[in-house]
Amino acid sequence: MKSVSEILTENGTRESWIQLIEVASREVFELMLDCRLTVPVTAEETPVGVTAMVGLAGQLCGVLSIRCNGRTAALMTSKMLGVALDNVGPDVADALGEVCNMIAGNFKNKIAGLGNRCMLSPPSVITGSDYDLHSLAVSPALEVRLLFEGLPILVSLHVRHIHG
Amino acid sequence: MDSVRCLIVDDSSVMRKIVERCLRQAGLDLKQVLEAGNGAEALSVLRDNVVDLILCDINMPVMDGLEFVKQLPGVPNAKGVPVVMITTEGSEAHVVQAISCGAQGYIRKPFTAEQVKEHVMPVLAGKS
């Protein structure tokens, strides 16, 4: 049985999955927020204030997360709901959770045969930055750094198991 | 098209608001919009209310969208009311499962207002 690391490094799977995460993220932002994500020129650290996570279980087990600061999450919420930034209320966690859920769903639906063999958990959202994520992933996370309205976001996939 | 009474079922209040906005952008004259956070709440809403259209997520706590659709025939107010699923579950198997449970349409998240219109208008036209 091959390890996750072996599968991810086979035939450029790791690189192709990173591209799929980026495409899945771009589609969610373009369709639901009417906003085009861009790629940062430099790989700066993403300031963390809010983290949304969705678990994947089945043929692919892991955690997909999206991190950004609170202002960025509030701006996403305002774009999703079509309301002014000042009028964004307590919906920020719900909105970021839905963005994460849609990226996870969109990503798995892009991998042939995975759509029906991988389930998604309801989103969980953490507010704050003083935490460590222990996902039991057995290989380095697949990370995509993007800019939303010039503000950094980080989309990560921690893979624990891939069942062939 | 006459004004429409609609029930939106999703555990995310943000998504319920987005769906309502898309329906309005699609040109639907919404006479009444009812909301529920899961299938069980939706069944409860339908015991006291009559609607023309139901839009429903699949993955929800307490009662998921597929179970909700299966139970709809037992609700007198829901007879003949079209159901369109709106979900991140986009595999063909999920679509087949939803349709076999009784849904008339299927929209994958993420979606645009135009896609909502494309899926909702035919089922409403079929109803009338």
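## Leu30 of chain B

B:Leu30 lies in strand 2 of chain B, in a model that is predicted.

Leaving out residues up to four places away in sequence, B:Leu30 touches B:Ser3, B:Val4, B:Cys6, B:Leu23 and B:Arg24.

Five strands of chain B form an open sheet in the order 2-1-3-4-5, and their pairing is parallel. Strand 2 (30-36) and strand 5 (105-108) are the edge strands, each pairing on one side only. On average, and ignoring direction, neighbouring strands are turned by 20° against each other. Helix 2 (residues 39-48) of chain B packs on this sheet, where it touches strand 1 (4-9) and strand 2; the direction of the helix makes about 155° with that of strand 1.

Within the sheet, strand 3 (residues 53-56) and strand 4 (residues 83-87) of chain B run parallel and are joined by three bridges. B:Ile54 stands opposite B:Val83, a residue of strand 4.

## Antiparallel strands of chain A

In chain A, strand 6 (residues 151-162) pairs with strand 2 (residues 60-68) in the antiparallel sense through eight bridges. A:Gly62 is placed opposite A:Val159 of strand 6.

Strand 6 of chain A also pairs with strand 5 (residues 142-148), again antiparallel, over seven bridges. A:Leu147 has A:Pro152 of strand 6 as its bridge partner. Strands 5 and 6 of chain A make a hairpin with two residues between them, and A:Glu149 in the turn has a positive phi of about 55°.

Helix 3 of chain A contains 12 residues and spans 16 Å from its first C-alpha to its last, close to the 16 Å expected at 1.5 Å a residue. Its buried residues are A:Thr72, A:Ala73, A:Ala74, A:Leu75, A:Met76, A:Thr77 and A:Met80. A:Gly82 follows helix 3 and has a positive phi, near 70°.

Helix 4 (residues 92-109) of chain A has 18 residues; the distance from its first C-alpha to its last is 26 Å, close to the 26 Å expected at 1.5 Å a residue. Because 17 of these 18 residues are buried, helix 4 is largely enclosed by the rest of the structure. One residue of interest is A:Cys100: beyond its neighbours within four places in sequence, A:Cys100 is in contact with A:Ala52, A:Met53, A:Val54, A:Leu64, A:Ser65, A:Ile66 and A:Pro123.

In soluble globular proteins, nonpolar side chains tend to be buried together. The largest nonpolar core here has 79 residues, of which A:Leu96, A:Val99, A:Cys100, A:Ile103, B:Leu55 and B:Met85 touch the most other members. Helix 4 of chain A supplies the largest share of this core, nine residues.

## The contact between chains A and B

Chain A gives 20 residues to the contact and chain B gives 19 residues. On the side of chain A that touches chain B, the elements giving two or more residues are helix 2 (13-32), helix 3 (70-81) and helix 4 of chain A. Helix 4 of chain A provides the largest share of that side, with eight residues. By class, the side of chain A that touches chain B comprises nine nonpolar, seven polar and four charged residues.

Definitions and conventions:
Residues numbered from 1 in each chain as written. Chains lettered and ligands numbered in written order. Predicted model: local features only at pLDDT ≥ 70, side-chain atom pairs only at ≥ 80, totals over all residues. Helix = DSSP H or I, 4+ residues; strand = E, 2+ residues; numbered from the N terminus. Expected span 1.5 Å × (residues − 1). Buried ≥ 20, exposed ≤ 12 C-beta atoms within 10 Å, placed from the backbone. Contact = placed C-beta atoms within 7 Å. Nonpolar A, V, L, I, M, F, W, Y, C, P; charged D, E, K, R; others polar. Core = buried A, V, L, I, M, F, W, Y, C linked by C-beta atoms within 7 Å. Pairing = 2+ DSSP bridges. Axes fitted to C-alpha atoms, helices over the stretch in contact; angles between N-to-C directions.
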